[in-house]
Amino acid sequence: MNKLLESILFLPTTLHMQKLHSHLAGKTVLITGASSGIGKEVAYLLADFECHLILVARRGHLLQSIKAEIEKQKAKVSIFQADLRAEDELTTFLSFLHNQGTLDIIINNAGLSIRRSIYESLERYHDFTRTMTINYFAPVRILLSTIPLLQKSKGQIINVSTINTKLAPVPYFAAYQSSKAAFDVWVRSVLPELRKNNIAITTVYLPLVRTPMIEPTPGYRNVPAMSAYQAAKLICKSIYTRRKKYQPWWLIFGQLASVFLTNLMDFSKKRKRNETN
Ligand SMILES: NC(=O)c1ccc[n+]([C@@H]2O[C@H](COP(=O)([O-])OP(=O)(O)OC[C@H]3O[C@@H](n4cnc5c(N)ncnc54)[C@H](OP(=O)(O)O)[C@@H]3O)[C@@H](O)[C@H]2O)c1
């Protein structure tokens, strides 16, 4: 049943290899959070093109083995082990990036999700600073530093976001949803200025994707989810379409339902209150 639903909800994506090749040849592509999940799949998908991949994440040993795999094909790979939440490590990483000379595409993918009731979070302010630092402050800092490089190369920023930023928020994910929403608004806010200067910006609003990120949530095990490979294909496709956004075809119905159900719930609560008064 799940397989059938997945094939309806997540329509197949065809990649035009020739177009991808012409947009990637000789280009430098940064993928943050490339050690697992979607970031790793994107790196493997780009392995067959003559480009320079820069992969960053905390788990250096995983980046090492991904580099070894990819270099059996065409891409050249540089890896950088860093915790992008640590100011000093991010500073060193940014110097490393500037020393590369050129930068054409940034895939902002590193991210952290936390599922926790607000009542279990009362002593855990750090959940909110952690998610905000990796999902919002780190990409903002990376982009503030690299926009001049992207302007020179008429480059592209691809933001890996979530459909949750477009729907009514769900309980237990306050830290994750607010940090992803913050960066989504940041991106949409700077988009017109950057586009005017020939920097393309694409936001990929993903549904649930089967990666290590969702493993700790038992409720997600038997619900339809996109594969990391399919998500990676959408990201790679945006390299040549340079579209403003990708979102699943059914998201608009989810948005309408969000507005309708929220108002319906408010209305029925109000009615109950009036009846009891
Ligand atoms: N899975 C989903 O359902 C889903 C849905 C919508 C959007 N997304 C978004 O997709 C992106 C990728 O997530 P995923 O599902 O592929 O999860 P994942 O497998 O957990 O990958 C997360 C990546 O981010 C890196 N990362 C996390 N914290 C970091 C830090 N402090 N410094 C540097 N790198 C860090 C991780 O590497 P290290 O641990 O090695 O540092 C890892 O490579 C995220 O932005 C997520 O919000 C996911």
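How much space lies in the second largest cavity? About 40 Å³ lies there. The model is predicted: local features need pLDDT of at least 70, side-chain atom pairs count only at pLDDT 80 or more, and totals for chains, interfaces and linings use all residues. Residues are numbered from 1 along each chain as its sequence is written, and side-chain values use heavy atoms, without hydrogens and water.

A cavity is a set of points, on a 1 Å grid over the protein atoms alone, where a 1.4 Å probe fits but cannot get out; lining residues have an atom within 4 Å of a point. Grid points are joined across faces, edges and corners, and a volume is the space filled by probe spheres set on the points. Two cavities of 30 Å³ or more are counted.

The second largest cavity is lined by Asn 108, Asn 135, Asn 159, Val 160, Ser 161, Lys 180 and Phe 183. Strand E5 (156–162) and H7 each give two or more residues to this lining. E5 supplies the largest share, three residues. Strands are DSSP runs (E, at least two residues), as are helices (H or I, at least four), numbered from the N terminus.

The largest cavity holds about 60 Å³ of space. Helix H6 (125–153) and helix H7 (174–196) each give two or more residues to its lining. Among the lining residues are Arg 116, Asp 127, Phe 128 and Tyr 172.

Ile 8 lies in helix H1. Ile 8 has a relative accessible area of 43%, and is therefore partly exposed (between buried, under 20%, and exposed, over 50%; 1.4 Å probe, protein chains only).

Technical notes. On a 1 Å grid over the protein atoms alone, a cavity is a set of points where a 1.4 Å probe fits but cannot get out, and a pocket is an open set with protein on both sides within 12 Å along at least five of seven lines; lining residues have an atom within 4 Å of a point.
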